[in-house]
Amino acid sequence: LLNDCKYGYDILGSTIRLTLLKCATYTNPEADKGEHSFSYSLYPHAGSFKEGRTVQAAYAFNKPMTAIKVEKTAGVLPEEYSLVKTDADNIIIDTVKKAEDSEEVIVRLFDCYNRRTKARVNFGFPVKEAYVTDLLENKIEALTVMDNAVTIEVKPFEIVTLSVQPGNAQ
C-alpha cells in the first residue's frame, strides 16, 4: 500500500486497512474538519518488499518526475542522464540541493534495507572535491573523487550527507 500522507495503516490477515482521518477533538476541536485529499495505490509485487523495490516505488509515487520546459539551446542531450546515482539498490538518494553557505551541492542518502553497504555514488557533472558532512553541512571527511564518483561505506539505516564541489573532473 503506497500513500502520500498517511501513516495509519495495518494488515490483519488478508485485509489491508488504511486510516484516512483521525477524528480526535482533544486538544484541537477544529482538527480534521474541512475538505481532505488523499492519494494511495496498491503495489502488487513478487517476493519481499526488497525484491519488489517497494521503497523505490513509494518514492516515485510521492515525488513523481516533473518536466520543465526550457528554451532551445545548442548542444546534444545524452540518451540517458542522472544528476546523482548509486550502484547499490538499498541506497536511497533522498535529497540533492545547493549548500546553505556555499556553491557546493549537498547530497543526502540512506540505507533502506538494514544492510551495511559499500556504495559508489556517481555524479552527472564534473566534481572537484567531495566530503562527508554532518547534517549541518560541516565537513567531516574528505573523499577520493575518481571519474566524478566517490565510494562510501553506509551502515544499516544510516543517513549520510555529502558535500560536492563542482569543478574539473579528476
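Reader: Experimental or predicted?

Author: This is a predicted model.

Reader: OK. What volume does the largest pocket have?

Author: About 850 Å³.

Reader: How many residues line the largest pocket, and which lie nearest its centre?

Author: The lining has 20 residues. Nearest the centre are Tyr59, Val84, Lys85, Ile92 and Ile93.

Reader: Which element gives the most to that lining?

Author: Strand 6 does, with 5 residues. Helix 1 (54-62), strand 5 (84-86) and strand 6 (91-98) each put in at least two.

Reader: And how do the lining residues divide into nonpolar, polar and charged?

Author: For the largest pocket, 12 are nonpolar, 3 polar and 5 charged.

Reader: Next one down. What is the volume of the second largest pocket?

Author: About 240 Å³.

Reader: Which residues line the second largest pocket?

Author: Leu1, Leu2, Asn3, Lys6, Tyr9, Ile11, Ile16, Phe49, Thr54, Val55 and Ala58. They divide into 8 nonpolar, 2 polar and 1 charged.

Reader: Which element gives the most there?

Author: Helix 1, with 3 residues. Strand 1 (2-3) and strand 2 (9-12) also supply at least two each.

Reader: Stay on helix 1. Which of its residues are buried?

Author: Thr54, Val55, Gln56 and Ala57 are buried in helix 1. The helix's buried residues pack against strand 1 and strand 6.

Reader: Take Thr54. Why does it count as buried?

Author: Because its relative accessibility is 18%, and the cut-off for buried is under 20%.

Reader: What is Thr54 in contact with, leaving aside neighbours within four places in sequence?

Author: Leu2, Tyr43, His45 and Phe49.

Reader: Go past the helix. Where does Met65 lie?

Author: In the loop between helix 1 and strand 5.

Reader: Is Met65 buried or exposed?

Author: Met65 is exposed, at 84% relative accessible area.

Reader: Now the core. Which residues touch the most other members of the largest nonpolar core?

Author: Leu109, Val121, Phe123, Val150, Ile152, Leu162 and Val164, out of 21 residues in that core. Strand 7, strand 8 (117-123), strand 9, strand 11 (149-154) and strand 12 each give this core two or more residues. Another core, of 5 residues, lies apart from it, with Val55, Ile92, Cys112 and Tyr113 among them.

Reader: Pick Leu162. What does it touch, not counting residues up to four places away in sequence?

Author: Leu162 touches Val105, Ile106, Val107, Leu109, Val121, Phe123, Tyr131, Val132, Thr133, Leu143, Val150 and Ile152.

Reader: In which sense do strand 9 and strand 12 pair?

Author: Antiparallel, over 6 bridges, with strand 9 spanning residues 127-133. Thr133 stands opposite Thr161 there.

Reader: Why is strand 8 largely enclosed by the rest of the structure?

Author: Because 5 of its 7 residues are buried.

Reader: Which residue in strand 8 is the bridge partner of Lys85?

Author: Asn122. Strand 5 and strand 8 are antiparallel, joined by 3 bridges. Strand 8 also runs antiparallel to strand 11, with 6 bridges. In that pairing Lys118 stands opposite Glu153 of strand 11.

Reader: Last one: Ala119. Is it buried or exposed?

Author: Ala119 is buried, with a relative accessible area of 1%. This residue lies in strand 8.

Reader: What is Ala119 in contact with, leaving aside neighbours within four places in sequence?

Author: Thr86, Asp87, Ala88, Ile91, Val150, Thr151 and Ile152.

Reader: And what separates the C-alpha atoms of Ala119 and Glu141?

Author: 16 Å, for two residues 22 apart along the chain.

Technical notes
Residues are numbered from 1 along each chain as its sequence is written. This is a predicted model: local features need pLDDT of at least 70, side-chain atom pairs count only at pLDDT 80 or more; totals for chains, interfaces and linings use all residues. Side-chain values use heavy atoms; hydrogens and water are left out. On a 1 Å grid over the protein atoms alone, a cavity is a set of points where a 1.4 Å probe fits but cannot get out, and a pocket is an open set with protein on both sides within 12 Å along at least five of seven lines; lining residues have an atom within 4 Å of a point. Grid points are joined across faces, edges and corners, and a volume is the space filled by probe spheres set on the points. Helices (H or I, at least four residues) and strands (E, at least two) are DSSP runs, numbered from the N terminus. Ala, Val, Leu, Ile, Met, Phe, Trp, Tyr, Cys and Pro count as nonpolar, Asp, Glu, Lys and Arg as charged, and the others, Gly among them, as polar. Two strands pair if DSSP finds at least two bridges between them. A nonpolar core is a set of buried Ala, Val, Leu, Ile, Met, Phe, Trp, Tyr and Cys residues joined through side-chain atoms within 4.5 Å. Buried means under 20% relative accessible area, exposed over 50%, partly exposed in between (1.4 Å probe, protein chains only). Contact means heavy atoms within 4.5 Å.
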